[in-house]
Amino acid sequence: MWENLGRPARVLLLGGTSEIGLAIVAALRAPASTRVVLAGRDEARLNAAGKELPFDTTAVGFDALALDLHKEFVDEIFAEGPVDLVIAATGILTPQDQVDADPQLAAAMIETNFTSHVTTLLQVTARMRAQGHGTIVVLSSIAAIRPRKANYVYGSAKAGLDAFARGLTDALAGTGIRVLLVRPGFVIGRMTSGMESAPMSSTPEQVGQAVARALNGRATELWVPRPLAVLATAIRLMPRPLWRATRR
Ligand SMILES: NC(=O)c1ccc[n+]([C@@H]2O[C@H](COP(=O)([O-])OP(=O)(O)OC[C@H]3O[C@@H](n4cnc5c(N)ncnc54)[C@H](OP(=O)(O)O)[C@@H]3O)[C@@H](O)[C@H]2O)c1
């Protein structure tokens, strides 16, 4: 996807300090001249992350909760030149007991994990349509497949994001714009620190490598690891009383 551009490629990482997002960027088989825009809330951490990447990086301010600013934010990034790859990695995992105690935390999690991706990616799509090409990576989750009592607000936001990404994929068919919908399982890292690991867990680096490989092909959906697709089918088919009785 990096050939024949005739200029340095440009990548936008929404959630510029995301462990998974940065691992994807690090694993890209892109030329060293590639320009990477790291978008997030903490400039110092964005700059530190940029220094670890083998590309030309820039940090820009981005708040997922500032929904009314997203159109302008995206327009400003595209005004500086074409964007070839957008990775939507923004997300938070607020524990269910905290959400139960404060519904505003639920609203913030839904806005961060779902609504902000809709407001940013609709505008990204409009700009990619105008430039005639582009690829969008969306980070869904196994949690999107069936709500679990242990984190059903997170799961419902991911289910919304997953449905949005599938609809977007279909809406963009034949336009030259591609969506890659990624569904990792449990990823060992900052977001899940202190949590008990789940079956078929992976590391951010493994997710990064899998996404980079998939970007060189034509897939529109990717499970990480791949056998998670089988587990997801079993989860979908499990009778509800059994599902309800699971501890996790
Ligand atoms: N870790 C897992 O087990 C797992 C599994 C499946 C899917 N996913 C999904 O993969 C994506 C990346 O996760 P990760 O493991 O890389 O987590 P992470 O390292 O915690 O990254 C999350 C990113 O979201 C950013 N963010 C959160 N709220 C924001 C806001 N209001 N405005 C701007 N940025 C904000 C964080 O910025 P700050 O550094 O400023 O907080 C960080 O860059 C998420 O969508 C997550 O739901 C994760």
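Author: Quick ground rules: the model is predicted, local features need pLDDT of at least 70, side-chain atom pairs count only at pLDDT 80 or more, and totals for chains, interfaces and linings use all residues. Numbering starts from 1 along each chain as its sequence is written, and side-chain values use heavy atoms, with hydrogens and water left out.

Reader: What makes Phe62 and Phe73 an aromatic pair, and why is the pair called tilted?

Author: Rings of Phe, Tyr and Trp (its six-membered ring) pair if their centres lie within 6.5 Å; planes under 30 degrees apart are stacked, over 60 edge-to-face, and the rest tilted. Here the centres are 4.9 Å apart and the planes make 35°, so the pair is tilted. A search of the whole structure finds one aromatic pair.

Reader: Where in the chain do Phe62 and Phe73 sit?

Author: Phe62 is in the loop between strand 3 (56–61) and helix 3 (70–79), while Phe73 is in helix 3, eleven residues apart. Helices (H or I, at least four residues) and strands (E, at least two) are DSSP runs, numbered from the N terminus.

Reader: Why is Phe62 called buried?

Author: Buried means under 20% relative accessible area, exposed over 50%, partly exposed in between (1.4 Å probe, protein chains only). Phe62 has 8%, so it counts as buried. Phe73, at 10%, counts as buried too.

Reader: And Leu53, buried or exposed?

Author: Leu53 is buried, because its relative accessible area is 9%. Leu53 lies in the loop between helix 2 (43–51) and strand 3. Contact means heavy atoms within 4.5 Å, and Leu53 touches Leu22, Val25, Ala26 and Leu38, not counting residues up to four places away in sequence.

Reader: How do you know that helix 5 is roughly parallel to helix 6?

Author: Axes are lines fitted to C-alpha atoms, for helices over the stretch in contact, with angles from 0 to 180 degrees between N-to-C directions. Helix 5 (residues 103–131) and helix 6 (residues 152–171) pack at about 10°, with axes 8 Å apart. Under 35 degrees is roughly parallel, over 145 roughly antiparallel, 65 to 115 roughly perpendicular, the rest oblique. So helix 5 is roughly parallel to helix 6.

Reader: What makes a set of residues a nonpolar core?

Author: They are buried Ala, Val, Leu, Ile, Met, Phe, Trp, Tyr and Cys residues joined through side-chain atoms within 4.5 Å. The largest has 31 residues, and Leu28, Ile87, Val137 and Val211 have the most contacts inside it. Helix 7 (residues 204–215) gives the most to this core, with five residues.
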